[in-house]
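User: I have a structure open and would like to learn how to read it. Can you take me through it feature by feature?

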Amino acid sequence: MLRVQVPDIPGTLGLVATAMGTVNADIAAVEIVEKGPGYAIDDFILTLPPSTLPDTLVSTCDMLDGVKVLWLSRYPENWGIESDIATLNRMADDPEHGAEILTEATPVVFHCQWAALFSADREVLTSTALAPEFTPESTGQLEPFDQTHSLDLTDGWMDGWGDTVVAVAPLAGGRGLALGRQGGPAFLDSELNRLKHLAALAN
């Protein structure tokens, strides 16, 4: 996944895609993550051939006027981008399991490594495959669970885990949803707002 900040000017996205093509990057999906005054932040899900180094891709994009690479990280093969609407539709089709569906979907929707759903008593109700084995001590570091927020957990916050960026959102019944990115990037305000909206609609 490549996260890029670009000038909010017509045609800029095409220039970035063309530049990626010069190093044989195969773009699978693009998502506009955030827009601000004069800029946009886009996530690209792409595949690089073995002959292309990630640094080459970053340098190629950075050479474009006003373009800045914010983050580059590896993601599991065949991870696409699932829209918020698609997730909402799945939740609407099975409202009794809305929270579980959201937990399962968030790693793809928010481009993170793991997600975990906590009960009001802070027991793990369900989690994705790559989520940590939470203890009461590590769960306490995610507080508060009654408001949407993000936090940076430093290396060693849990045995075997390095620096991790976590977003937390409250759900009905005192439950909480946490999702994590190993090493980053930070969760943008727009991402936290999306997470808050989806969490509010999960039963």
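**Reading the fold, step by step**

Analyst: Start with the domains. Ten residues of domain 1 are in contact with eleven residues of domain 2. Keep in mind that this is a predicted model.

User: Where do domain 1 and domain 2 run in the protein chain?

Analyst: The domain assignment puts domain 1 at 1-70 and domain 2 at 80-200. Their C-alpha centres lie 27 Å apart.

User: Next, helix packing. What describes two packed helices?

Analyst: Two values do: the angle between the axes and the distance between the axes. Take helix 3 (residues 84-93) and helix 4 (residues 98-109). Their axes come within 9 Å and cross at roughly 160 degrees. That makes helix 3 roughly antiparallel to helix 4, because angles over 145 degrees count that way. The crossing of helix 3 with helix 4 is right-handed.

User: Which residues of helix 3 and helix 4 make the contact?

Analyst: Helix 3 contributes Asp84, Thr87, Arg90 and Met91. Helix 4 contributes Gly98, Ile101, Leu102, Glu104, Ala105 and Val109. By class, the contact of helix 3 with helix 4 has five nonpolar, two polar and three charged residues.

User: How do the axes of helix 3 and helix 6 cross?

Analyst: The axes of helix 3 and helix 6 come within 11 Å and cross at roughly 15 degrees. Angles under 35 degrees count as roughly parallel, so helix 3 and helix 6 are roughly parallel to each other. Their crossing is right-handed. Asp84, Leu88 and Met91 in helix 3 meet Arg194, His197 and Leu198 in helix 6. The contact of helix 3 with helix 6 divides into three nonpolar, one polar and two charged residues.

User: Now burial. Is helix 4 mostly covered or mostly uncovered?

Analyst: Mostly covered: nine of the twelve residues of helix 4 are buried. They are Gly98, Ala99, Ile101, Leu102, Thr103, Ala105, Thr106, Pro107 and Val109.

User: What covers the buried residues of helix 4?

Analyst: The cover includes two helices, helix 3 and helix 6 (189-200). It also includes strand 2 (26-36), strand 5 (114-118), strand 6 (124-127) and strand 9 (176-182).

User: Let me zoom in. Is Thr106 buried or exposed?

Analyst: Thr106 sits in helix 4. Its relative accessible area is 0%, so Thr106 is buried. Setting aside residues up to four places away in sequence, Thr106 touches His111, Cys112, Ala115, Leu177 and Leu179.

User: Leu177 is one of those partners. What is Leu177 in contact with?

Analyst: Leu177 belongs to strand 9. Leu177 too is buried, with a relative accessible area of 0%. Leaving aside neighbours within four places in sequence, its contacts include Leu102, Thr103 and Thr106. Ala115, Ala116 and Leu117 are also among them, as is Leu195. Leu177 and Lys196 are 19 residues apart in sequence and 9.9 Å apart in space, C-alpha to C-alpha.

User: Where is Phe134 found, and is it buried or exposed?

Analyst: Phe134 is in the loop between strand 6 and helix 5 (136-140). Its relative accessibility is 16%; the cut-off for buried is under 20%, so Phe134 counts as buried. Beyond residues up to four places away in sequence, Phe134 touches Trp114, Ala116, Phe118, Val124, Thr139, Leu142, Trp157 and Met158.

User: Which residues does a cis peptide bond join?

Analyst: Pro144 is in the loop between helix 5 and strand 7 (149-153). Another joins Gly184 and Pro185, with omega about 5 degrees. Pro185 lies in the loop between strand 9 and helix 6.

Conventions:
Residues numbered from 1 in each chain as written. Predicted model: local features only at pLDDT ≥ 70, side-chain atom pairs only at ≥ 80, totals over all residues. Heavy atoms only, no water. Axes fitted to C-alpha atoms, helices over the stretch in contact; angles between N-to-C directions. Helix = DSSP H or I, 4+ residues; strand = E, 2+ residues; numbered from the N terminus. Parallel < 35°, antiparallel > 145°, perpendicular 65-115°, else oblique. Left-handed = near helix turned anticlockwise from the far one by under 90°. Contact = heavy atoms within 4.5 Å. Nonpolar A, V, L, I, M, F, W, Y, C, P; charged D, E, K, R; others polar. Buried < 20%, exposed > 50% of the residue type's maximum accessible area, 1.4 Å probe, protein only. Domains from an automatic or database assignment.
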